[in-house]
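I opened a new notebook page for this structure.

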Amino acid sequence: MARLPTPPSRLGLVVVQPLRGKRCARCRRGPLSLLVLEEGVPRCLVCADLGHLVFLPRGDTALTRRSREESVLSAVVVRFNRRKSRYERQGLLVEEAALARAEARCLADAEARRRRRARDARRRAAQDVRFAQAFTAEILRSFPRCPPDRAADIAA
Ligand SMILES: [Zn+2]
């Protein structure tokens with residue numbers, strides 16, 4: 001069995017998505033979609049004591065950062081890119097409860113943003129009303145014979 005290239009150690013705890021199915025060197029489970037390399041030897045997540053972690057694909061930066069913060073144990077998931085001859089990040093393995101907490105924090109943020117947008121829209125609407133009132137007054141001052149309704153329509 002060809003040995004897999006060793007992922008860079010700067011990534012910390014690393015889990016590999018193998019390009020071809022490998023079996024766990026300890027329990028023979030396989031083919032494995034995710035494995036840990038211990039001195040070049042593949043181990044399944046259960047044998048590596050990571051079986052309780054869930055996969056979070058890359059892409060959502062805030063969710064990834066928060067999941068990592070919330071999770072006592074996390075691992076970077078990488079896959080080897082043969083063409084570029086290097087490992088590329090695919091996502092993160094984190095504790096399920098940590099992912100749930102991170103998702104809740106992101107949702108709370110989205111809700112806060114939604115409320116801020118609604119507040120801004122109300123403020124802009126109020127500004128529009130004040131501007132229309134001032135404009136109406138200006139029309140009536142310049143054209144005293146203009147009916148007030150007509151002036152308000154023009155201002156609006
Ligand atoms: Zn195993």
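I began with the surface. The protein exposes about 10,700 Å², and carbon and sulfur atoms supply 51% of that area. I noted that the model is a predicted one. Buried residues make up 34% of the 156 residues.

Next I looked up the charges. I found 34 positive and 17 negative charges, with mean positions 7 Å apart.

Then I turned to the fold. I counted three helices and six strands. Read from the N terminus, the order is β-β-β-β-α-β-β-α-α. The radius of gyration is 29 Å, well over the 15 Å of the globule rule for 156 residues, so the protein is more spread out than a compact globule. Its C-alpha atoms fill a box of roughly 95 × 35 × 25 Å along the principal axes.

Which pairs form salt bridges? I found twelve salt bridges.

- E38 meets R43 at 2.3 Å, N to O. E38 is partly exposed at 33% relative accessibility. R43 has 19%, under the 20% cut-off, so R43 counts as buried.
- E69 pairs with R105, with the closest N and O atoms 3.2 Å apart. This pair links distant parts of the chain: E69 sits in helix α1 (residues 61-70) and R105 in helix α2 (residues 96-142), 36 residues apart. E69 is partly exposed at 49%, and R105 is partly exposed at 29%.
- E88 meets R86 at 3.7 Å, N to O. I noted a network too: salt bridges with shared partners join R65, E69, E70, R101 and R105.

Terms used
Residues are numbered from 1 along each chain as its sequence is written. This is a predicted model: local features need pLDDT of at least 70, side-chain atom pairs count only at pLDDT 80 or more; totals for chains, interfaces and linings use all residues. Side-chain values use heavy atoms; hydrogens and water are left out. Helices (H or I, at least four residues) and strands (E, at least two) are DSSP runs, numbered from the N terminus. The radius of gyration is taken over C-alpha atoms; the globule rule is 2.2 Å times the number of residues to the power 0.38. Buried means under 20% relative accessible area, exposed over 50%, partly exposed in between (1.4 Å probe, protein chains only). Accessible areas come from the Shrake-Rupley method with a 1.4 Å probe; for residues, only the protein chains shown count as cover. Lys and Arg count as positive and Asp and Glu as negative; His and the chain ends are not counted. The place of a charge is taken as NZ of Lys, CZ of Arg, CG of Asp or CD of Glu. A salt bridge is a side-chain nitrogen of Lys or Arg within 4 Å of a carboxyl oxygen of Asp or Glu.
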